[in-house]
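Biologist: I'd like to learn how to read a protein model. Could you walk me through this one?

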Amino acid sequence: MTIRFSARIQMAVTQDKKKHWFIPHDQAIPRPNDDPEITQILVGIYTLDLAKINEVEQTVYIDFYLGLQWYDSRFDSALSNTNLSPYQRKLEEVWQPNLHIINQRNLDKELDEIVHINSQGIVTYRQRYYGKLATSLDLRRFPFDEQTIKIELISFSYSPEEIHFVEAEELNGISSEISLVNWSIIGLSSHSHAHYLQPEQQDYARFDYEIKVKRHSSFYAWRVLFPVALIVFMSDLVFWLEPTQIIPQITLATATMVSLITYQFILRQELPKMNYLTAEDKVIVGSMLLVFIALVKSVTSINLVAGGYRELALSLDDILKPRFRTSKSSIKYYKPGVNN
């Protein structure tokens, strides 16, 4: 089966003997300003809700408003009557920066694709998006981590020398009633910069809106760290058992190791498969080493007793067991009438 491209697509790909992923902007409506003047695009993003951060999928469910404004002198001259009320046009009928949300995975639009134009030539575009965004999470400090959620806007038609995105500080913000649990919002920021696209070997204008969030670690402290500490303390009980008690020592050591491995397997279901250890992983791996030492000690003590070295086995227990008793030399005794 032969696939035939339309003449418009074919022209876009072969123009100037250079491959283009997107239709070049010189085939669209010209920019409002003549070169080399840069067209300023005012960008405002207000986050209505953050519902969930999915660590396994590396996505976030978000609901936000996007607002764009720019000046088009052609409307200013055509609508010189200042008493004329603002009117609407379809987005495709006017010049627009051809924005794309490059990290969107499944975003839906709620509003119609229209723009509002006033008598001063100010073009305003508003849209509400809701759905999934891809987000790159650095989980090395999990569960004590901070993450940055981005809304990445890019124009696949214009370079930074042609258009420039400007933050609308009075329009940017986030709702105080977001439904994201186990996280808190710690900051908002945005910046405009160039995005280099390798296939076209060209820079495009880009605008990033960032939401910084911090995980509530108290939940994991009680759910992870406290149970793991109990498992490690349970394995230390082998140091207080008589070396001749073979079955209790082996049973206790192996049971704690199996419990720790099972616990780690359950916890890993919440995280993606990564090529580095998180802070939680390091705690569990360290705990496994301590439990393994208790298991090795149990086997060593059993062999020493079997070889007739019971006193040596008791000395090994005394060396390895945690110290909880208070030294008598550190206790002062006070007698009535005696100055100490």
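Biologist: Let's start with helix α3. Which elements cover the buried residues of α3?

Modeller: Keep in mind that this is a predicted model. What covers the buried residues of α3 includes β12 (202-215), α4 (246-267) and α5 (279-306).

Biologist: And which residues of α3 are the buried ones?

Modeller: Here's the general idea: an α-helix has 3.6 residues a turn, so residues three or four places apart point the same way. In α3, the buried residues are Y220, V224, V228, I231, V232 and S235.

Biologist: How far should α3 span, and what does the model give?

Modeller: You count 1.5 Å a residue.

Biologist: Which residues does the UniProt annotation "transmembrane region" cover?

Modeller: The unreviewed UniProt entry puts that annotation on residues 220-240, 246-267 and 288-309. Such annotations may be inferred rather than shown by experiment. In the model, residues 220-240 are 76% helix and 0% strand, with end C-alpha atoms 31 Å apart. For residues 246-267 the span is 100% helix and 0% strand, and the end C-alpha atoms lie 32 Å apart.

Biologist: Now strands. Is β8 largely enclosed or open?

Modeller: In a regular strand the side chains alternate between the two faces of the sheet. For β8 (residues 146-155), seven of the ten residues are buried, so the strand is largely enclosed by the rest of the structure.

Biologist: Which strands pair with β8?

Modeller: One is β4 (residues 99-101), which pairs with β8 in the antiparallel sense over three bridges. There, H100 stands opposite I154 of β8. Another is β12: nine bridges join β8 to β12, and these two run antiparallel. If you want one example, E152 has D208 in β12 as its bridge partner.

Biologist: How many aromatic pairs does the structure hold?

Modeller: A pair of aromatic rings is described by the distance of the centres and the angle of the planes. This structure holds eight aromatic pairs. Take F142 and Y220: their rings are 5.1 Å apart centre to centre, with 70° between the planes, which makes the pair edge-to-face. F142 sits in the loop between β7 (122-134) and β8, while Y220 is in helix α3, so the pair ties together parts that are 78 residues apart in sequence. Both F142 and Y220 are buried.

Biologist: Which residue does F142 join through a cis peptide bond?

Modeller: Most residues other than glycine have a negative phi, and most peptide bonds are trans. The bond between F142 and P143 is cis, with omega about 10°. P143 is in the loop between β7 and β8.

Biologist: Where are Q58 and N98 found?

Modeller: Q58 is in the loop between β1 (39-54) and β2 (59-71), and its phi is positive, near 55°. N98 is in the loop between β3 (87-90) and β4, with a positive phi near 60°. Q58 has a relative accessible area of 22%, so it is partly exposed. N98 is at 22% as well and counts as partly exposed.

Biologist: And S159, is that buried or exposed?

Modeller: Buried means under 20% relative accessible area. S159 is at 10%, so it counts as buried. S159 lies in the loop between β8 and β9 (163-167). Leaving aside neighbours within four places in sequence, S159 is in contact with D203, Y204 and A205.

Biologist: To finish, how many helices and strands does the protein have?

Modeller: Six helices and twelve strands. Of the 340 residues in the protein, 36% are buried. Among contacts between residues at least 6 apart in sequence, 72% join residues at least 24 apart.

Note on methods. Residues numbered from 1 in each chain as written. Predicted model: local features only at pLDDT ≥ 70, side-chain atom pairs only at ≥ 80, totals over all residues. Heavy atoms only, no water. Helix = DSSP H or I, 4+ residues; strand = E, 2+ residues; numbered from the N terminus. Expected span 1.5 Å × (residues − 1). Buried < 20%, exposed > 50% of the residue type's maximum accessible area, 1.4 Å probe, protein only. Contact = heavy atoms within 4.5 Å. Pairing = 2+ DSSP bridges. Phe/Tyr/Trp six-rings, centres within 6.5 Å; stacked < 30°, edge-to-face > 60°.
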